[in-house]
Amino acid sequence: MALYTTEQLFDLEHTLAKPLLAQYQYPWQALEGISNFIIKQGELLPKQDYEQVEKHIWIAKTAVVAPTAVLTAPCIIQPDAEVRHCAFIRGSVLVGKGAVVGNSTELKNCILFDEAQVPHFNYVGDSILGYRAHLGAGAVTSNLKSDKSIVHVRSKEESINTNLKKMGAIVGDASEVGCNSVLCPGTILGKKSQIYPTSCVRGVVPENHIFKATDKIVERQ
C-alpha cells in the first residue's frame, strides 16, 4: 500500500494545529515546525479562555493540570484537557481539547489531537496522535534509531527519506495501541487501526486493520 497523506490520516477539524498540518502532504513534515507554531498560535489565543502561566506556556481555564505535573515551554493545553500527576511535558507540545495526559507520561515535540489519550506511563516524542487516538498503559513511541541514522518511512510499495533523525509515530484518528507496545521510528498507523498489546510495530499498518504480534515458542538449543 502507498503511504498515507495527512488528509487520509486525520480530520484536521479536530486540532488547533490545522494551519500547520494542512501545509504538508505528509504529517511528519510538520514536526520541525511545532515549536514555532505553538509560540505564534499562543499569542493569538483568547485571553478570556486561556491563562499564560509562564512565557510561552498557555493553559485553558477549563483544563485540569495536576500541581505535580511539569510543563516546559512552549506548550498549549487546550480546554477540558487533563494533565495528571507527575506528567512531564518537555516542550513543543500541543494538547488538544479533552485530551488526557496521564500519570508519569512524558511528551516532547508532539501534537495530540482533540480527545487523544495517553493516560498511563507513556512516552510520546516527535509524534502526532490523531483525534481520539489512544495509547494503552506503557505504550511508547520510539523516536530515535539505535544507530542514530535518518528515519525512513516505509510501506511495501515505497520508502521516503524523512531527513529527520528523530521521528516517532504518526497515529491516525481513532487508533488503539495496546499496553506495553513499542511504535518504532517512522511507524504510521492508519485510521481506526488496532495494535495488540506488547507488539513491536514498524512500517505502515493499514486503516481498519489489526496488528497482532506473533508468539513463537521454540526449543532451546
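Arg-84 is partly exposed, because its relative accessible area is 28%, and partly exposed here means between the cut-offs for buried, under 20%, and exposed, over 50%, with a 1.4 Å probe and protein chains only. Glu-82 is also partly exposed, at 31%. These two form a salt bridge, with the closest N and O atoms 3.1 Å apart. A salt bridge is a side-chain nitrogen of Lys or Arg within 4 Å of a carboxyl oxygen of Asp or Glu.

Before I go on, the model is predicted: local features need pLDDT of at least 70, side-chain atom pairs count only at pLDDT 80 or more, and totals for chains, interfaces and linings use all residues. Residues are numbered from 1 along each chain as its sequence is written, and side-chain values use heavy atoms, leaving out hydrogens and water.

How many salt bridges does a search of the whole structure find? The search finds five. I will go through two others.

One of them joins the side chains of Lys-108 and Asp-126, at 2.7 Å from N to O. This pair links distant parts of the chain, 18 residues apart: Lys-108 is in strand 10 (residues 106-112) and Asp-126 is in strand 12 (residues 123-129). Strands are DSSP runs of E, at least two residues, and helices are runs of H or I, at least four, both numbered from the N terminus. Are these two residues buried or exposed? Lys-108 is buried, with a relative accessible area of 15%, and Asp-126 is buried at 5%.

Next, Arg-132 and Glu-115 form a salt bridge, where the closest N and O atoms are 2.8 Å apart. Here the partners sit in loops, 17 residues apart: Arg-132 between strand 12 and strand 13 (134-135), Glu-115 between strand 10 and strand 11 (117-120). Arg-132 counts as partly exposed at 46% relative accessibility, and Glu-115 is partly exposed at 32%.

Now helix 3, residues 34-42. Which of its residues are buried? They are Ile-34, Phe-37, Ile-38, Gln-41 and Gly-42. Seen down the helix axis, these buried residues fall within an arc of 120 degrees, so they line one face of helix 3; the arc is taken from the directions from the axis to the C-beta atoms. The face turned away from that side carries the exposed residues Asn-36 and Lys-40. The buried residues pack against helix 2 (18-21), strand 2 (57-60), strand 5 (75-77), strand 8 (93-95) and strand 10, with contact meaning heavy atoms within 4.5 Å.
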